[in-house]
Amino acid sequence: MSAGSLSGLRVIDASRVLAGPYCGQALGDLGADVVKIEPPDGDETRTFGPAVNAGGAAYFQALNRNKRGMRLDLNLPAAREVLWHLLEDADVLIENFKASTLRAWGIADPAQLCERFPRLVHCRITGFGDDGPLGGMPGYDAAIQAASGLMSVNGEAEGPALRLGIPVVDLATGMQATIAVLAALQERVRSGRGQLCDVALHDCALGIAHPHLANYLWSGKEQPRSGNGHPNISPYDSFDTATTPIYIAVGNERQFATLCAELGCPELARDPRFHRNLDRIANRAALREALLQALARHDGAVLADRLMAAGVPAAPIRSVAQGAATPHAAHRAMVLEQDGYHGVGFPIKLRRTPASLRTLPPLPGQHNQEILRAAGYSESDIARLLETGALGPVQGASIPP
């Protein structure tokens with residue numbers, strides 16, 4: 001196994017739930033040494049759903065591989081001193097503490113940590129940021145979807161706004177946080193200094209509201225919900241067939257002409273109502289009806305394969321289980337099974353320094369003593385921390401095979 005691209009990078013992941021842990025795992029997958037710090041009761045995602053092993057729920061397992069686990073009761077001064085000590089040699093801190101929590105620790109401004117630790121890249125993830133009218137307010141994915149307008153564009157035109165079926169805001173924030181960390185590390189090469197990375201769920205939600213927000217900013221008009229259809233492109237929608245429903249995503253005129261030819265109705269491509277994308281948008285309902293009539297003669301799965309081979313993006317509408325079980329998903333190694341761990345594969349494929357699964361998600365406090373010894377704590381120091389409760393309850397279990 002080759003060393004990862006971020007081998008040698010030291011990360012303290014003191015975040016909880018999804019966005020921060022997702023960022024920490026991305027850095028860990030690429031080789032960084034990531035220490036996950038949890039409160040005595042553990043990250044709450046350990047209880048989000050059915051447990052898959054002694055380490056907690058599948059939700060937690062999916063976000064915390066390639067990390068060493070440590071418990072610290074940061075309500076106690078002794079535990080906070082351990083955190084400050086670890087940050088002396090760390091490259092990155094990821095956290096999503098409440099601003100009131102930081103103030104209780106004597107940190108009036110999160111940027112103070114970069115003053116105390118000049119080379120530290122401090123990635124702070126919050127719901128709305130620490131300033132402004134909503135600064136410091138709590139934010140979870142679904143509430144931010146609602147507040148940002150993302151829910152308003154999801155669902156059928158005649159139905160209510162719907163939460164997107166995945167925690168898209170948290171995931172997008174985790175990705176943006178990873179980009180922020182890598183950008184700050186690159187800048188540190190030039191300046192020798194770290195900096196605060198202020199990443200808010202609210203901002204990331206608006207940042208991914210494409211093309212709906214862009215359409216509004218240019219036109220001043222809001223568009224109605226379009227269900228599975230695309231507001232700017234047609235045909236770009238789901239369609240019933242004689243068997244399996246399929247999604248057809250036509251992106252240009254050549255693809256539309258090919259689609260019509262494959263369906264046995266080439267005249268549709270010559271119809272002035274459907275000649276250009278703007279024409280098809282204006283006559284969306286008539287086009288959909290014509291396509292449904294043609295599609296009713298076809299087996300959806302067979303047709304989707306034929307369309308793809310002809311250069312028209314199309315696919316049968318599958319379940320998550322079916323999507324993960326395709327031969328191509330297997331070829332791309334998008335499902336990991338190793339030493340009792342089952343997880344999603346690495347979406348980034350680097351040829352020389354690929355991501356790898358080096359360590360399984362940790363049990364609560366599994367690596368407390370290992371991390372402290374490496375940080376220079378003596379056995380008597382560790383014993384005192386245990387006595388004060390700074391490390392939480394004693395954890396002697398191990399991950400089962």
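Helices (H or I, at least four residues) and strands (E, at least two) on this tour are DSSP runs, numbered from the N terminus. The model is predicted, so local features need pLDDT of at least 70 and side-chain atom pairs count only at pLDDT 80 or more, while totals for chains, interfaces and linings use all residues. Residues are numbered from 1 along each chain as its sequence is written, and side-chain values use heavy atoms, with hydrogens and water left out.

**Stop 1: R68**

Select R68 to begin; this residue lies in strand β5, which covers residues 68–71. Buried here means under 20% relative accessible area, exposed means over 50%, and partly exposed is in between (1.4 Å probe, protein chains only). With a relative accessible area of 16%, R68 is buried.

Now show what surrounds R68. Contact means heavy atoms within 4.5 Å. Setting aside neighbours within four places in sequence, R68 is in contact with D33, V34, V35 and K36, and also with P362, H367, E370 and I371.

**Stop 2: salt bridges**

How many salt bridges does the structure hold? There are 17, a salt bridge being a side-chain nitrogen of Lys or Arg within 4 Å of a carboxyl oxygen of Asp or Glu.

Pick D237 and R288 next: they form a salt bridge whose closest N and O atoms are 3.3 Å apart. D237 lies in strand β9 and R288 in helix α13 (residues 284–295), so this pair ties together parts that are 51 residues apart in sequence. D237 is buried, with a relative accessible area of 15%, whereas R288 is partly exposed at 31%.

Move on to R306 and E262, whose side chains meet in a salt bridge of 2.8 Å, N to O. This pair also links distant parts of the chain, with R306 in helix α14 (residues 300–310) and E262 in helix α10 (residues 253–262), 44 residues apart. Partly exposed describes R306, at 32% relative accessibility, and E262 is partly exposed too, with a relative accessible area of 25%.

Then select R273 and D271, a salt bridge with its closest N and O atoms 2.8 Å apart. Is D271 buried or exposed? D271 is buried, with a relative accessible area of 18%, while R273 is partly exposed at 39%. Salt bridges that share partners also join D33, R68 and E370 into one network, and D33 and E370 are among the contacts of R68 from the opening stop.

**Stop 3: H230**

Where is H230 found? Look in the loop between α9 (212–219) and β9 (236–239). At 18% relative accessibility, H230 counts as buried. Not counting residues up to four places away in sequence, H230 touches P211, Y236 and R284. Draw a C-alpha to C-alpha distance from H230 to P211 and you get 9.3 Å, for residues 19 apart in sequence. For a closer look, find the backbone nitrogen of N232, which lies 2.9 Å from a polar atom of the H230 side chain.

**Stop 4: a surface patch**

Finish at Y216, which lies in helix α9. At 38% relative accessibility, Y216 counts as partly exposed.

Key:
A polar contact is a pair of N or O atoms within 3.5 Å; within protein, one must be able to donate a hydrogen and the other to accept it, and residues adjacent in sequence count only if both atoms are side-chain atoms.
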